[in-house]
Amino acid sequence: MSTSEQQREPVGAGLRPETSACEAQPPVGDPAPSGPAEVSPVGRLAATVERLRREVRTAQAEAEGRALIELAKGILVERLGCGPAQAARQLEELTEQAKVTPLEFAVEVINQAARDRVSEVTDAFLAAAAGAPERDSAVRLRAAESGALAADDTQAVADSLLEHALRPLGAEAVAVWAAGADGSLTLAGSAGFSPAEATRWRYVPPEVATVARRGLTERTGQWFTSLAETGLPTIGRHLYPDGGRVAVPAGTGGRIHGVLEIAWPGRLEPQPPQIVRQVEALAELCAHTLETYTLRQDLGHEPRVLPDAAELMDLADGLHDPALVLVPHVDGSGQLVDFRIQHVNSRFLDPAGRPRAVVNGALLLEAYPMAAGKSELFQRVERVYATGESFRAHRMHLTALVDQVPLSAVADISISRHGNSVLLIWRIEDETARLASLLQHAQRLGRIGGFEENLLTSEITWNDELFSLYGRAPTSSPVPLEELSAHAHPDDAVAIGRFLRTLLHQRRPASAAFRLQRPDGVTRHIRVVAEPVLDTDGRLFVVRGAYQDISAQHWTEVALAATRDQLAHTEQQATERNRLTLQLQHAIMPPTQAPLQVPGLEVAVRYRPAETEQLVGGDWYDAVVLPSGLVLLCVGDVAGHGIEAATSMVVLRNALRGLAVTGAGPGQLLSWLNIVAHHLTGAVTATAVCALYDPGRRTLRWARAGHLPPVLVRGPEAAPLPLVRGMLLGAVPEAAYEEAELQFAPEDTLLMYTDGLIERRDRSVEESLTHLLTTARSAPRTLDQQLDRLLTYSKSDTDDDTCIVGIHVA
C-alpha cells in the first residue's frame, strides 16, 4: 500500500469486525442424507426445491450487492486518486481488516461518503428494526435505494422497498400510486397484496376520496393509526381492517408524481421524527421511477406520451381564449421557485396593457408580482402542477403591479397540467364583453334603457334608449346614480334615498318608482331596477340596471287605489274579529285562577295567550273540586285558531265540567267528550288530558286523548308518565280511552301542559320534551315559582297559546 493510500485509510475507519449476514447463510448444495434410511422420491423432490430456492435468493443478493460494491469502488477511486483495479484491491484489503463481507463494507463506505437522506435515517431504521443486525439493516437500506434507482419497472421498486426497507419496520404491504394529469390515481406497483386485489384497485377516478388521495392532497403526508378510524376505502382494507396506514406524496423538484402507501397489519403507534424522515426518503426514491411511469399507460393500452411544451404551444395558438404556457423554473438545488412564461398566444391581453413580447419569456412572479398575493394565482398554478388536478374559477380578481401602479382586472381562470407544462387561460373582461353583457341583462330585467356604472373608475355606460328617455343628446354625459335626486320630483327624494342605500350600502338588488323631470319640461313616471355586481373578494365594483317608463301603469295604479282601500277595510275587520276572539278567551280563561282549597294539595294554573292575535287558539285548562270531594284536573287543545277554535274550546270545557259530576272515571269522561266533539260541535278535533285526584288516598287516575303525557317531578328527577292509549277527540264517532293510576309520595309535583310550552319548528318533540324535563328538575321553593320558571325558560317558537296545571302534594 502506498503512502498516499495509507493517509486516506480512514475512509473505512470505525468498522467493527463481526460475523456478516451472508456468512450466516446455510451452505449452498445438495442436502445431506437424513440417515441410513432411503429417502423417498417426494422427500428428494422437496429437498431439490429448497436447494433451488436458496440458490435463487443467493443470486438475488449478489445481484443487488454488485451495484453497491461497484459504487464503493468508484468512491475509493475519487478519494484515493487511483485506478479501478487499485481501488478494488484497496476495498478487498479493508474488507479483510474489518472482518466483514465486501457488501457490508461497501455500504459503510457509501454511507460515510454520501451523508444523504438514506444515511441520515439509517440510525432510526436500525433502532426500529428490532432483531436485525446493524450491518445487515444498512445493507437493506442501500439495496432498496439501488434497486429503486436502477429499475424502470415500478413493480420492481415496490418489491424492493417492501423486502429491504419496510418489512424490518413491521410493514406487510406497499402500494405505489401514479398521479394522472386529471387528478386520477393509477396503481403503478404493489407488493404484499394479492394480484386480484391489485387488479381491482388498478385505477381510482378523480375526486374519489381514498387514503392515497389524502396523501396526494396533503403535502405533509398522512399517518393513520388505524383504518377503522378513517372510514376511507383503500387497497387491502379487508385484509388489514384495523391496521395502520401511511400515505406520503412522492415528488421531486416541487412536483408530485404519485403517492407511496404503506400498510401495517396492526395499529400503528405515533412514530418518531427519524422514522417519518425515513419514509419520506423512500417516497423520494419512488418519485424517480414514477416520473418515467407518468409518461406512458401500462394498463393494457398503447403507450401514450403527454404533450410537451412545444405541442402545448401549438394547442394554445389554436384556442379562441387568451392563454399562457408555463414551464417550471427551479433553483440550483432543484426546488421549484417560479414558472417561466414559455409562450403567450395571439389572443392574450395583458392586464397592464403591455405588448406580448414583454410578457413572453418572463418569469410569472416577475411579470405579475402580485400573483402570489391575495388572488393566490401563483399558488393555484403551483398546486395544479404538483397534483395534476385542474382548477377553474369564474370572475377571479387579478392584481398586477407594474411600475408601482396597481392595476385590477376580473377574469375567468382555467389552469391545467399537460406533461411537464401548465396551460393558463384567462379571459379578461373588455369593452365588447361588457356591452354584450349589458344587452343580455337588459333583456333579463325587461328594461327600455340600460346602464352600467363602474364605481372604481366612475365610468358610466348608457344605451341610446336611455338617452332618449332622459331627453338628453347621445353626446351628453350620463347621469350618475348619486345625482338621481336632482333630476326627480322633490317629493320622491325619500324613495330615491332608500333605493340608493339598499343598492350601494346593503349591496342588494333594489327598485324604486319616481317622477323624472326632463330638461324639455316633460314629466315621466319611471321605475328603476338595479343590481350590484361583486368580484371574487366580495367587493362592489359595478352596478347595472334599467330605467323603465311606467307612465301608463301609473294611471292603472290610481284605479287600483280604491281596491287597496277596500282591502284595508277588510284587514281592519279581521283585526276586530281576532280582538273579539281574544277577549272571549280571556273572559273564559283568565291568565290566573283562585287557588283551590284542598287539604294536603296545592294547585296552580298558568295561561299564556298567543303573542300574535292571528294565532288565538283553543287551549284550555280546568281545576275544580267536584261534589264527591275529588279534584278534576284537565288541559286540552282544540285544533285551529280564531273564534271557531275559541267557541269549540268553551263547549268542550263546560261539557267536561257537567259530565264530571256523574262520578265517572277519566276514561269514561273522555269517551263522552269525544261524542260531544264529533256530533255536537261541527266535528272539531282536540287533544286533552283528564285526571281525578283523590285527596284521601293521594292517588291520581288519568287518561289522555292524543295529548302529551303529564310530567312527574319526584325529588331531583323528572320524567313523563307512561303513555296510555287514547286517540284525539272528535276523530271517530266512538272511542275508548285507557286509564292509569298514580300513587303520590309526599312533596311530589305533577305538571299538565299543552304543546305551546315546548313545540318548536326546528326540532322534534322528543328534544323539546328533554329540555322541559331538564328545566323541571331544578324546582324552586314554591309551585307558583316553578310554573313561572317553566314559562320563562320555554323554548317554544310557535307563538301558540300555553296552558299549565301543576299540583303539589304536601
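I began with Arg777, which forms a salt bridge with Glu717, the closest N and O atoms being 4.0 Å apart. Arg777 lies in helix α22 and Glu717 in strand β23, so the pair ties together parts that are 60 residues apart in sequence. I noted Arg777 as partly exposed, at 34% relative accessibility. I keep in mind that this is a predicted model.

Next I looked at Arg657 and Asp622, a salt bridge with its closest N and O atoms 2.6 Å apart. This pair links helix α20 to strand β18, across 35 residues. Asp622 is buried at 0% relative accessibility, while Arg657 is partly exposed at 34%.

Arg267 sits in the loop between β6 and α11, and Glu229 in helix α10, 38 residues apart. I found both Arg267 and Glu229 exposed. I also wrote down a network of salt bridges linking Glu163, Arg167 and Glu172; the structure holds 22 salt bridges.

Then I turned to the largest nonpolar core, which has 28 residues; Trp620, Leu632 and Leu656 are among those touching the most other members. Helix α20 gives the most to this core, with 6 residues. Beyond its neighbours within four places in sequence, I see Leu656 in contact with residues including Cys634 and Cys690.

For Cys634, the nearest cysteine sulfur, that of Cys690, is 5.9 Å away. Cys634 is buried at 1% relative accessibility.

How values were computed:
Residues are numbered from 1 along each chain as its sequence is written. This is a predicted model: local features need pLDDT of at least 70, side-chain atom pairs count only at pLDDT 80 or more; totals for chains, interfaces and linings use all residues. Side-chain values use heavy atoms; hydrogens and water are left out. A disulfide is a pair of cysteine sulfur atoms within 2.5 Å. Buried means under 20% relative accessible area, exposed over 50%, partly exposed in between (1.4 Å probe, protein chains only). A nonpolar core is a set of buried Ala, Val, Leu, Ile, Met, Phe, Trp, Tyr and Cys residues joined through side-chain atoms within 4.5 Å. Helices (H or I, at least four residues) and strands (E, at least two) are DSSP runs, numbered from the N terminus. Contact means heavy atoms within 4.5 Å. A salt bridge is a side-chain nitrogen of Lys or Arg within 4 Å of a carboxyl oxygen of Asp or Glu.
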